[in-house]
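Dear colleague,

I am handing over the structure we talked about, and I would be glad if you opened it before reading on. My notes on what was found follow below it.

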Amino acid sequence: MNENTTSLRYAAAYVRVSTDGQMDLSPESQLDKIREYATQHNILLSPEYIFMEKEGHSGKRADNRPAFQQMIATAKQKPKPFDAILLWKFSRFARNQDESTFYKSMLRKKLGIDVISVSEPVMEGMYGRLIEMIIEWQDEFYSYNLAAEVTRGMTKKALKGGYQARPPLGYRIPYHGANPEIVPDEAETVRKIFHWYAEEQAGMLEIARRLNEMGILTSHGKPFERRSIEYILQNPAYCGITRWNRTTNATNTIKPESEWILAPGTHPAIISEELFHAAEKRFQMEYRPKHAQPAERAKHWLSGAVKCSACGRTLSSCSSLTRQKTPYCYFQCYGYLKGKCSSNHYISAKKLEAAVLHIFSTADATNITYDIKYVSREARSSDNRLLQKQLEKLAQKEKRAREAYLNGLDSIEEYKTTKELLSQERERIEASLKKYESMQKSPETDRLMLERIRKVYTILISDDHDTVSKNTSLKSVVDKIVFDRETMALEVYYYLAI
């Protein structure tokens with residue numbers, strides 16, 4: 001837009017405060033500078049077109065800035081509502097040069113709306129655009145360089161055991177820079193959670209219900225959920241260990257454990273390391289199929305475990321009354337109940353219980369088969385996904401190496417060398433994958449499997465354990481039980497969690 005023109009033009013203002021510690025004018029001061037510029041250049045700035053981000057919205061990603069997205073949506077209206085967007089600095093528009101180029105191109109070329117920095121005037125034409133791109137590049141470089149410096153500083157602090165996150169339930173930070181200190185009432189709640197889970201074998205959903213019934217709230221002042229209990233049980237801060245770099249900030253996904261930083265903390269512990277590791281051991285040993293129903297919702301200790309031999313769906317536990325109005329329980333294929341399976345798999349709960357208990361009581365090395373499942377953190381799905389991505393990248397490298405040879409860019413000797421290196425890399429990745437997918441069975445794993453089956457059997461026949469405890473125990477060794485109504489046969493699929 002030609003700044004020397006005397007004709008009246010309309011403009012919007014976009015205001016954002018930096019989140020990376022860079023010296024900034026306040027939002028009000030930025031707006032004052034923009035208004036001053038507008039007055040000097042015969043530009044009308046309407047209050048309805050002042051778009052101001054709330055503090056905390058970073059300039060690295062446009063989709064994380066509501067006011068920015070609202071401004072872009074408004075700019076697309078017809079007829080166009082304004083001729084230009086005024087900024088205090090180009091860095092307020094974006095810190096990501098790719099996004100900056102995309103949105104500026106759309107605004108200028110498609111919508112006829114200019115983007116102007118009131119404190120960084122640039123000339124018209126090609127050279128002005130070049131200077132603007134250099135300013136954007138400097139802003140992006142500053143942002144990434146600062147992020148790297150901050151990460152280095154935080155890593156150093158984490159290695160020394162310094163706590164640098166929001167304190168979890170049970171702790172508070174009395175003043176900026178201080179170590180977390182214990183909040184007695186909240187700490188007692190944390191101790192209850194670990195005791196119920198590790199020593200009473202209560203499920204996470206059951207623990208959440210107990211706390212909610214007692215009127216106890218999370219550190220955010222909300223009722224407990226299963227995931228809030230899981231987070232507490234997996235947080236080593238409670239036994240005096242600091243953990244940092246566990247998740248990716250942008251997506252909140254958990255990183256491979258090899259990237260975490262764990263160090264003895266400088267804050268007091270709420271529970272012993274023994275209690276924390278006992279809870280951790282139970283959590284790791286309990287295999288959880290994706291989308292599986294929590295044990296706390298089970299109506300019967302066999303709920304969720306028995307499958308229809310015809311369609312593979314779960315047999316639901318159902319309640320009814322006899323002619324004498326006596327309640328009784330039976331199992332039926334969920335698909336059959338919904339009209340999605342044509343095979344009737346009705347069986348009374350008593351018969352099913354007796355058959356399963358008989359199989360458990362007679363289990364020995366000659367009549368059981370089982371799979372081994374890795375459920376330790378090192379073998380969890382995040383690592384598997386990472387290895388799969390490495391294989392995908394390797395395939396691209398192999399393709400490019402082959403194309404380079406076919407197009408005459410590499411000699412046959414160079415291609416052979418590259419191919420050999422890539423082959424070695426593929427063998428290494430595939431070996432890592434194989435380690436997670438299978439394990440060699442041995443007399444020791446057979447002994448361990450039988451030991452766990454007998455322990456579960458003891459719990460199943462005991463009157464001292466409730467439905468939830470029995471269901472949880474059963475699923476700790478049984479992947480599924482397939483029932484064939486036609487032959488009245490049961491096939492139990494065991495697994496050994498490592």
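How many helices and strands are there in the protein chain? The model is a predicted one, and in it the chain holds 15 helices and 15 strands. Of its 498 residues, 40% are buried, and the accessible surface comes to about 28,800 Å², with 51% of that surface belonging to carbon and sulfur atoms. If you take the contacts whose separation is 6 or more, 65% of them are between residues 24 or more positions apart.

In soluble globular proteins, nonpolar side chains tend to be buried together. The largest nonpolar core here has 32 residues, and the ones that touch the most other members are Leu302, Phe360 and Tyr494. At least two residues of this core come from each of strand 9, strand 11, helix 11, strand 13, helix 14, strand 14 and strand 15. Another core, of 27 residues, lies apart from it, and includes Ile193, Phe194, Ile229 and Cys239. Returning to tyrosine 494, and leaving aside its neighbours within four places in sequence, you will find this residue in contact with Phe360, Met449 and Ile453, among others.

Two of the helices named above also pack against each other. Two packed helices are described by the angle between their axes and the distance between the axes. For helix 11 (residues 349-361) and helix 14 (residues 443-460), the angle is about 145 degrees and the axes are 9 Å apart, while the crossing is left-handed. Helix 11 makes the contact through Leu357, Phe360 and Ser361, and helix 14 through Ile453, Val456, Tyr457 and Leu460; six of these residues are nonpolar, one is polar and none is charged.

Finally, a few places in the backbone deserve a careful look. The peptide bond from lysine 78 to proline 79 is cis, with omega near -5 degrees, and proline 79 is placed in the loop between helix 2 and strand 3. Asparagine 42, in the loop between helix 1 and strand 2, has a phi near 60 degrees, which is a positive value in a residue other than glycine.

With best wishes

Note on methods: Residues numbered from 1 in each chain as written. Predicted model: local features only at pLDDT ≥ 70, side-chain atom pairs only at ≥ 80, totals over all residues. Heavy atoms only, no water. Axes fitted to C-alpha atoms, helices over the stretch in contact; angles between N-to-C directions. Helix = DSSP H or I, 4+ residues; strand = E, 2+ residues; numbered from the N terminus. Left-handed = near helix turned anticlockwise from the far one by under 90°. Contact = heavy atoms within 4.5 Å. Nonpolar A, V, L, I, M, F, W, Y, C, P; charged D, E, K, R; others polar. Core = buried A, V, L, I, M, F, W, Y, C linked by side-chain atoms within 4.5 Å. Buried < 20%, exposed > 50% of the residue type's maximum accessible area, 1.4 Å probe, protein only. Areas by Shrake-Rupley, 256 points an atom, 1.4 Å probe, with all protein chains shown as cover.
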